[in-house]
Amino acid sequence: MDGGGNENKIEDEDKQALAALSSVPSPHRAKVHSYSQQLRGEKKPYRQGRKHSLDGIPAGGSRPLSSSDDDFSNYSLDEEEGALDLKPFTPLGEFVAAVSPAAAGSSSPGPGGGSGSGSVSGGKGEAIFKVPTRAAVHPGRPPCLELRPHPLRETQVGKFLRNIACTETQLWAGQESGVRFWRFDRIYDPGCGLGGKVRRGDEDAAPFQESASTSPTFCLMVDAANGLVWSGHKDGKIRSWKTDQHPPAANAPFKEGLSWQAHKGPVLSMVMSSYGDLWSGSEGGVIKIWPWESIEKSLSLKSEEKRMAALLVERSAIDLRSQVTVNGNCSISSSDIKCLLSDNIRAKLWCAQSMTFSLWDARTKELLRVFNIDGQTENRVDGGEKGQQQQQQQQQHQQHHQESGQKEKGQGFLQRSRNAIMGAADAVRRVATRGTNAFVEDPKKTEAIVMTADGMVWSGCTNGLIIQWDGNGNRVQDFNLLNKNTAVQCFCTFGARIYVGYASGIIQMLDLEGHLLQMWVAHSNPVLKLAVGKGYIYSLASHGGIRGWSTLSPSPIDQILRSELAGKEATYTRKDQFRVLIGTWNVGQGRPSQEAMMSWLGSTAGDVGIVVVGLQEVDMGAGFLAMSAAKETVGLEGSAIGQWWLDNIGRALGEGSVFERMGSRQLAGLLVSLWVRKNMRQHVGDVDAGAVPCGFGRAIGNKGGVGLRIRVRDRIMCFVNCHLAAHLEAVNRRNADFDHIYRNMVFGKPTIPNAAGMLLMILRFLFCCCSLAFSTYLIWILYYTYGFPFILSVAAGVSSSSHTLKSDNNNNGSSEDTKPELSDADMVVFFGDFNYRLFGISYDEARDFVSQRSFDWLRERDQLRAEMKAGRVFQGMHEAIITFPPTYKFERNVPGLGGYDSGEKKRIPAWCDRVIFRDTRPGSSTPSQCECSLECPVVSAVIQYEAVMDVTESDHKPVRCKFHIQVAHTDRSVRRQEFGEILRTNEKIQSLLEECRVVPETAVSTNSIALQNQDTAILRITNKSAADKVVFRIYCEGQANFKDEGDEAEYRARGNHGFPRWLEVTPAAGIIKPDNSIEVSVHHEEFHTLEDLVDGIPQNWWCEDTRDKEVILVVVVQGSGSTEVATHRVHVRHCLSAKTLRADSKSGSRRGQKSDPKQQSGSSDATDDSRSSQKP
C-alpha cells in the first residue's frame, strides 16, 4: 500500500533519508541462516501449529551440496502414500489446450510456463535462481535401500523414531511408544499400502513388528550373546526384548521381558562393558552399573516372578557418582550423560558429557581420569558445570561493563545514546537467540563418540569438529571436514572405515587416518543414528526415514544399480494431478463482509485441493508493529486480528466439512494460511513456516515476507506472501526486498513451548519490552533535539549492528553463497502486494487505457515486467497473462472502475497485487515440450488469473490465481522390490559381491590354553595376506565350571559376550598389517569385590574357587572392507593350584610375572601344557 495511506505517515522531506536507510545493509551481504543456529534451538516457535514430538531435534537447514536430498532438493523425492484419489492423469499439453477462456473465468488460460504471448519470465535464472535438477535415481550419492521412506511429520506424532541398532538378523528402532524391528530377510518386501494394517506413515515401509506401548525410548543396546535388545526409556526404566520374536497372531504387539527402574530421570545412554556389566547414564551426570550376575539371575526367573526379578537388579546397582563424591564435591561433571562407550581393547569405559570426559576401569570400576574437551585433566568439578558457566558469565559481564564504561567516558551524549540503542538491540538479539545461556555458549559440545578398529576414540562436536583420542584420553588431532558449523550427530564403524552423520543430513566416510573417502547428502533432515547390519550402513533421519547404504560403496556396483534402476523407471513412477488456488489481498486494516470473502474465495474453490491465502496490512498501527517486533524477537507470533481472519477464511471455505487448515504464519501485518481439502489431506504434510521482515531497519514486519512449505506427494512446494517497499521511485528497494526474502527465508516446523519454555519466553518478552521502552525514550529525546534525519542515522547503525550479529549467530563460518531453502523447492509461488507501479504514464492516461481495457499497452509500462525481463528480480520465475484492471488504488466502498483514487494525490493505477511462480520446467520450456516425469516432476498451468473487482472494502482489489498441477513421484515400495530383484539376479553384481566376501587368510597359534593363578599366555594371530589388512576382535562365547573330572560342559555367556572377571585379554581387538602378526596376552587375574571378602577370606570359595573354569574365546577376523568374517575358537582353561586361598589386600589387583613369550607362542600343534605360564 502507498505510504500516504494508513501504513506509514512519513513526511515528504523524510522520504529521501528513509530511502538512503533502505540500503543498509546490502541484501547481497546478508547471509543465510546456518544449520548451527537451528541446532542451538534458535528456531522460533509459532503460536499457530501442532505440537510435535521431536521439537528438540533441529530442523533441516541450508545444505552445502548442490545435489542434496530427494526430500527437499535436487533430485527425486521421498515417496509418501498411495496415489491421489483425484482425476485420471492427462498430459499437461492436452489439458491446457482443452481449457477454454470461459472455464478460466475472465482471464485467458495462460501457459504458465512463461513462453506464451503476453506472459513474462524473470530473465535467465543464475545460481540460486536456477530450477533444481531432478532425476529418477540420485546421481550424487550411492544407491540406497529405502527401508522406511520419509513419512509425513503429521503422521508420526507420538511415534517418532529416535534411534536404531542392528543384531545379526534384525534392525531394531526405538520410538516414542516402544520399539519395533525389521527382519533382514524381508527388507526388500513391499509395504502394506494405504488401507493396510499399519498406521499412516508406514504403508510403504518394509514389513516390521512392533512392541506394546511403552514410555519413549531414548537408547538401544544389543546383547548378541543372550539374544536380547536392551532399551532405555524416558521414565527411567531399562527393558529387555527377545530377538527371537515370532510373528504374533493378528499382528498383536510383542511384550517386554525383564525391566526395572534404573534412574529417576530418563536413561540417556547404555553400554555393556568388556566384562558383561550393564552401564547406564542419566541426567545430572548419574552413572550406574548393573552387575551381570544379578541380571542373569533375574533373567532366569519366571514371568510370574517379574517383580522379584526387578527388585533383585535394582538392589544390585552401583552408583558411581556417589563413589567419587567427597564432602559434596564430585570428581565428574553434573551435566547430562551424552554417550557411554566400552573400550573392549583395554577393558575401559568412556563417559562423554557435553564438555568433559571421564575414563573408568571396566573391571575394578575405578575412576581413572577426568579431562575436558581440550584434553586437559580436571581434578575436580565443584558444583557442576552450571556453576562454572555462571561464574564465567559473571566475569565476562563485569569485564564488558568495565570496558563499556571506559569507552563512554570520552564520548558525548549523542554517541552514548547511539551506543545505548545499539546495545539494547544487541541484548535483545542475544537473549532471544541463545536461550538460558544467552551470554555464554561453547560451540564445542560433544554429541557423539565411537571407537575404531585400531583402538582410537573419535568424538564429534556441535560445531562440526571431530577429535581423535588415544586409549588413555590424550587428544591426538582434530578434523573439520565440512568447513561448516554443522553438528556431528552420530558415528559408526565398519572394518577400517568410519561413518559420520551430521545435522545437515550429510554422511561422510573416512579412513582411520581421518581422510575423507566419500561424502553425500543422505537425508534432508539431521542424521540421528547410524548402525551396521547385513551389508548396509543404516541411517535414521529425524523425520523418521531409514535408508541403507552399502558397505561396499564406493564400488562398481553403485553404477550398475543406478543404470538398472533408471531403466525400470516406468515400473515405479506414478503421476497425479490437482489444483491449487492462490489468493492475495491487501486489506488495508479492514474487515470485509462474509459476502466479499465468498466472492473472492468461496465461489472458485469448488474444484481445488489446496488453497493458500495471503493478506497484507491486517493491522498497521505503530503500537501493533512495535509489539509484533518484540514478540517475534522472543519467538511469538499471531494476534487476535489474525485469528479473526483465519476464522472467516475458514468459514468461506467450509472448514471442518470440506477443508482443513494445515498451517499459518503471521508477521505483523502479513498473514499466510494454507487449507487442504479433506480427501487430499493424507497426501499433504510436513508443514513448515518462515518469516523475513524487510521494514524499518530490516526488523519491522510492515514490509517483508511470510511463507509456508509443504510436501505434496513427495514434492516440496513453497508459498511466500510478500509486501514490498512502497512508492513509485523505490524500484531498487523492492528488488532488494525480494532478494532479501529469497535468500533469508528459513522454514521450521511450528512448535508449542512447554512450561519451562513458556516461562523463558515471558522473561524474554518482558526484557524486550523494557529495552523497547528505553529505546523509544532515547529516540524521543533525539528527535526533539536533532530531528528525524539524525534518528535515521542512528537506526542505520542499529540495523547494521543487528545484521552483523545475526550473521555471526546464524553462520559462524558458513559461506555467503549458501543455497537458500527456496531454491531447493519443486514449486515456488510468490504472491502479495509487490507495490510495483506503472511508469512513464500520467494518471489520466492510465485511467483512459483502463476504461478502454487496453491492458497490452499498460503492461509495457509495468515496472515489474521490465525488472523481470532485465533479470533483476524474480529470476527464473513466471507470471501468467494479466487480463484484469490494475488493482490499486481505489476509494473504499466505491464500486466499479470509477473507484480509482481521485483525491489530492491521484495515485496512478497499478498492478500492485501479483502472483509469480516457477515449477521444475526449464524457463524456455512449454507444457508440450516438457512432460511430467521424475526428471521434471512438477508441471503447472495457470487456468485462472483475475482480480475480484466487486469487492470494495479496501483500497486494493483481491486477486486470485488457480493452478492445475501435475506431479510425478516414486512408488518407494515398488522401487525397493526392484532394488532387491536387481541385487539377486544381476550376474555382474553377484560376481562383484562374491569377490568382496573373501577373507584374508589368518592363522592362530593355538586352540587351547591352560592357566593357573596369575598366569599369562600369549596368543599369536598372523595375517598371511600380502595385500589386505586384517581387522580382528576377540570375545568370550561362554564359560563352563568343572567341579569333578568328567563333568559335562555347560557354557553360559555373559552380557554381550563379556569376559569373566578372572580373565584379561589384551588387546581384544585391532588391525594386523599384511604379512604381520600380533600377540594377544591372555592373563588370569584374581579378582574379588568388597562383597566377596570378609576378613580377607573369599566367601563361597567352596562353590566357586575350587572348581576349574573354561571359556571359549572366539577370534573374529575380516578384511578391511570384506563383507564376510572368519572365526577361530580357542579354549582357555583355568586350573587351580590349591584348594585353599588366602587373599591379602593387594593380591587381587597385582598382576603376576609373565612367562617367556617365546615359550607361549609356539605353533598351533603345541600341547596345552606348553601353553601354560610359570607361576609368579
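## Helix H20

A polar contact is a pair of N or O atoms within 3.5 Å. In this predicted model, such a pair occurs at the start of helix H20, where a side-chain oxygen of Asp971 lies within 3.2 Å of the backbone nitrogen of Ser973.

H20 comprises the 14 residues 972–985.

## Packing of H4 and H5

Two packed helices are described by the angle between their axes and the distance between the axes. For H4 (residues 292–300) and H5 (residues 306–314), the angle is about 180° and the axes are 9 Å apart. Angles over 145 degrees count as roughly antiparallel, and H4 and H5 are therefore roughly antiparallel to each other.

On the H4 side, the contact is formed by Ser294, Ile295, Lys297 and Ser298; on the H5 side, these meet Ala309, Leu312 and Val313. By class, the contact of H4 with H5 has four nonpolar residues, two polar residues and one charged residue.

## The chain as a whole

The secondary structure of the chain comprises 23 helices and 54 strands. Of the 1176 residues in the chain, 59% are buried. Among contacts between residues at least 6 apart in sequence, 71% join residues at least 24 apart.

Methods:
Residues are numbered from 1 along each chain as its sequence is written. This is a predicted model: local features need pLDDT of at least 70, side-chain atom pairs count only at pLDDT 80 or more; totals for chains, interfaces and linings use all residues. Side-chain values use heavy atoms; hydrogens and water are left out. Axes are lines fitted to C-alpha atoms, for helices over the stretch in contact, and angles run from 0 to 180 degrees between N-to-C directions. Helices (H or I, at least four residues) and strands (E, at least two) are DSSP runs, numbered from the N terminus. Angles under 35 degrees count as roughly parallel, over 145 as roughly antiparallel, 65 to 115 as roughly perpendicular and the rest as oblique. Contact means heavy atoms within 4.5 Å. Ala, Val, Leu, Ile, Met, Phe, Trp, Tyr, Cys and Pro count as nonpolar, Asp, Glu, Lys and Arg as charged, and the others, Gly among them, as polar. The expected span of a helix is 1.5 Å times one less than its number of residues. A polar contact is a pair of N or O atoms within 3.5 Å; within protein, one must be able to donate a hydrogen and the other to accept it, and residues adjacent in sequence count only if both atoms are side-chain atoms. Buried means under 20% relative accessible area, exposed over 50%, partly exposed in between (1.4 Å probe, protein chains only).
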